[in-house]
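Reader: I have not looked at this structure before. Could we go through it by question and answer?

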Amino acid sequence: MNELLIIGARGFGREIYNLAEKCHGYNINWKIKGYLDDKSDALNDYQGYPPIIESVESYKVKPNDVFVCALGDVKQKQKYVKMIKDKGGAFLSLVHNTSTIRNGTKLGEGLILFPFVHITTNVSLGSWVSILPFSVLGHDVTIGNFCHLNSYSFIGGFTRLGNLVTVNTGATIIPGMSIGDNAVIGAGSVVIKDVLENTTVFGNPARKVNIG
């Protein structure tokens, strides 16, 4: 049986542990081994979690190890995924039992799908994409690598998200939009036109904002 290591023992890491217990394959194909985090006391105020074994930087990958990256910051996620991949590690996808994935969908490596995520037909998900509860992806949507979609995101049909895109809580992207690499969609925003790479937008309709 494979042993799952969760990268990151902070708030999102605790969410991922509780998610994992309700996902396909738990205690059948894999069990939870513990966390990797350089903050060894991150769980001192919490009970019921597996141990922090050591940091990602110092950990040596074992033959039965599989990994999941519990980091909400997309650039940090990319950094630590690369660190484990360079050591020969493989990533597991966590798919909650209540999530739905329809026909023709292509799935990358290391995905995280929380409860009640609905992925419709002919969607393409890149690797290391996290999709939080009650999010909906319309038909023919394409999501790049290392994206993070927060709760209640709606991505309309034929929309394309680049790599390292963050969609914050309650955002709506109407069908057919193109969202560039490293873009950030603010909470509650309604995106009605394309968003350029390295751009943050917010509001209804969503407009570019400058982050100091």
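Reader: In which sense do strand β20 and strand β22 pair?
Author: This is a predicted model, and in it β20 covers residues 184-185 while β22 covers residues 200-202. Two bridges link these strands. Their pairing sense is parallel.

Reader: Which residue in β22 is the bridge partner of Ile-185?
Author: β20, residues 184-185, pairs with β22. Within β22, the bridge partner of Ile-185 is Val-201.

Reader: Which strands stand at the edges of the open sheet of eight strands?
Author: The sheet has mixed pairing and runs in the order β5-β8-β11-β14-β17-β20-β22-β23. Two of these strands have a single partner strand each, so one side of each lacks a neighbour in the sheet. They are β5 (94-95) and β23 (207-209).

Reader: How many bridges join strand β1 and β2?
Author: Strand β1 is made of residues 2-7, and β2 of residues 30-36.

Reader: How many of the seven residues of strand β2 are buried?
Author: A residue counts as buried when its relative accessible area is under 20%. Strand β2 is largely enclosed by the rest of the structure, because its buried residues number five of seven.

Reader: Which residues of α1 are buried?
Author: Helix α1 takes in residues 11-20 and is mostly covered, with seven of its 10 residues buried. Those residues are Phe-12, Gly-13, Arg-14, Ile-16, Tyr-17, Leu-19 and Ala-20.

Reader: How many helices and strands does the protein chain have?
Author: Helix α1 spans residues 11-20, and strand β23 spans 207-209. For the whole protein chain, the secondary structure comes to two helices and 23 strands.

Reader: What is the radius of gyration of the protein chain?
Author: The C-alpha trace spans about 45 × 45 × 30 Å along its principal axes. For 212 residues, a compact globule would have a radius of gyration near 17 Å. The chain agrees with this, as its own value is 17 Å.

Reader: What share of the accessible surface belongs to carbon and sulfur atoms?
Author: Of the 212 residues, 50% count as buried. The accessible surface of the chain comes to about 10,000 Å². The share that belongs to carbon and sulfur atoms is 50%.

Reader: How many Å apart are the mean positions of the positive and negative charges?
Author: The protein chain has 20 positive and 17 negative charges. A mean position is taken for each of the two sets, and the distance between these positions is 3 Å.

Note on methods
Residues are numbered from 1 along each chain as its sequence is written. This is a predicted model: local features need pLDDT of at least 70, side-chain atom pairs count only at pLDDT 80 or more; totals for chains, interfaces and linings use all residues. Side-chain values use heavy atoms; hydrogens and water are left out. Helices (H or I, at least four residues) and strands (E, at least two) are DSSP runs, numbered from the N terminus. The radius of gyration is taken over C-alpha atoms; the globule rule is 2.2 Å times the number of residues to the power 0.38. Buried means under 20% relative accessible area, exposed over 50%, partly exposed in between (1.4 Å probe, protein chains only). Accessible areas come from the Shrake-Rupley method with a 1.4 Å probe; for residues, only the protein chains shown count as cover. Lys and Arg count as positive and Asp and Glu as negative; His and the chain ends are not counted. The place of a charge is taken as NZ of Lys, CZ of Arg, CG of Asp or CD of Glu. Two strands pair if DSSP finds at least two bridges between them.
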